[in-house]
Amino acid sequence: MDLKQLEYFRHVAELGSFTNAAAFLSVGQPTLSRQIAELETEFGQELFDRNGRGVVLTQAGSQLLEHTRGILTQVTRARQELENRRSGDVGQVTLGLPSSLGSIVTVPLIKAFGNAFPKSRLAFSEGLSAYVLEWLSIGRIDCALAYNASASEDFEVVPLLEDQLYLIAPAARSKKYPASISLHELADYPLVIPGRPHANRMTVEHALSNIGRKIAIAYEVECISAIVDLVRQGHGFGVLSLNAIKSSPWAAQVRIMPIVDPLLTFPLSMVTSTRRPKSLFVRKAITLIGKIAREEIVHSLSKHPRNRRIQAS
């Protein structure tokens with residue numbers, strides 16, 4: 001087994017086809033097939049199920065893909081660190097972040113990164129905070145913007161800001177609802193909310209538990225747009241941040257009410273691994289990412305009239 005075989009395997013797995021992978025890698029399909037066959041012989045297991053439409057990973061293949069991504073990432077980092085010693089700020093950083101922040105920070109980060117490190121590249125992976133922390137632990141990403149992250153032996157956590165959560169209700173029935181609700185009253189609203197371990201869900205559950213109340217669940221849904229859509233149609237209520245609400249095409253069709261007494265907030269942090277060394281370039285990049293992300297999120301929140309009133313009160 002060599003690194004080239006792992007690289008070939010990863011591309012076949014991610015593209016779902018020997019033909020597509022061979023074209024992407026600019027190698028002959030027989031060569032690619034032979035390399036994968038050698039891997040399967042070495043491991044004594046089939047890595048792909050072949051069918052007329054392409055290939056699908058077997059269970060063994062899925063496990064190998066997870067390890068392969070980590071191995072290739074580590075090799076890339078080693079090359080970057082050696083290159084940095086020779087030529088300065090050159091390399092690649094992969095950032096994991098919640099999908100609700102993607103539309104807010106991605107473009108500003110790419111612009112700022114390009115200005116600061118013109119010979120380097122910034123890549124993104126979006127997912128739930130729990131997932132991006134898992135990716136960070138296995139080496140798939142270099143750093144993460146994550147909600148409700150806790151410092152540990154594995155993670156270094158630098159707080160960026162406290163994001164506020166709001167209750168949303170159908171706008172068509174807005175006259176029925178108060179301007180704001182208390183945390184105690186929140187337990188009376190059946191919620192359309194992600195399942196565990198979503199940071200939003202855990203924040204709401206823990207906050208209610210601390211005052212002796214339980215969360216009421218209407219539906220468990222992870223997709224933010226689907227949550228807002230269900231709420232605007234009257235299938236329940238939602239608890240989301242302003243940025244998450246604004247990322248939905250249905251944002252104008254829901255009533256937004258702050259949760260007060262106390263405010264319901266959850267921390268957004270920059271998280272890195274304590275298990276892997278950081279080159280000077282990576283440390284600079286992480287500092288820049290944290291700074292720009294915080295500025296853009298705060299700026300986005302300040303443009304919402306309701307939020308300006310809350311901050312001023």
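**Pockets, a cavity and a helix crossing**

Helices α1 and α4 (59-87) and strands β3 (92-97) and β4 (121-126) each supply at least two residues to the lining of the largest pocket. The model is predicted: local features need pLDDT of at least 70, side-chain atom pairs count only at pLDDT 80 or more, and totals for chains, interfaces and linings use all residues. Residues are numbered from 1 along each chain as its sequence is written, and side-chain values use heavy atoms, without hydrogens and water.

**Terms**

- Helices (H or I, at least four residues) and strands (E, at least two) are DSSP runs, numbered from the N terminus.
- On a 1 Å grid over the protein atoms alone, a cavity is a set of points where a 1.4 Å probe fits but cannot get out. A pocket is an open set with protein on both sides within 12 Å along at least five of seven lines. Lining residues have an atom within 4 Å of a point.

**Largest pocket**

- α4 gives the largest share of the lining, six residues.
- The lining has eight charged residues (Asp, Glu, Lys and Arg), six polar and three nonpolar. Nonpolar covers Ala, Val, Leu, Ile, Met, Phe, Trp, Tyr, Cys and Pro; the others, Gly among them, count as polar.

**Second largest pocket**

- Its volume is about 290 Å³.
- Of its 20 lining residues, Pro-98, Ser-100, Leu-128, His-198 and Ile-224 are the closest to the centre.
- Two or more lining residues come from each of α5 (99-116), α8 (199-210), α9 (224-232) and β10 (238-241).
- This lining has eleven nonpolar, eight polar and one charged residues.

**Cavity**

- The whole structure has one cavity of 30 Å³ or more.
- The largest cavity has a volume of about 80 Å³.
- Among its lining residues are Arg-77, Asp-142, Arg-276 and Lys-278.
- β12 (265-273) and α11 (280-302) each give two or more residues to this lining.

**Helices α1 and α3**

- The axes of α1 (residues 3-15) and α3 (residues 29-43) come within 9 Å and cross at roughly 105°. α1 is therefore roughly perpendicular to α3 (65 to 115 degrees).
- On the α1 side, Gln-5, Tyr-8, Phe-9 and Val-12 make the contact (heavy atoms within 4.5 Å). On the α3 side, Leu-32, Gln-35, Ile-36, Glu-38 and Leu-39 make it.

Terms used
Axes are lines fitted to C-alpha atoms, for helices over the stretch in contact, and angles run from 0 to 180 degrees between N-to-C directions. Angles under 35 degrees count as roughly parallel, over 145 as roughly antiparallel, 65 to 115 as roughly perpendicular and the rest as oblique. Grid points are joined across faces, edges and corners, and a volume is the space filled by probe spheres set on the points.
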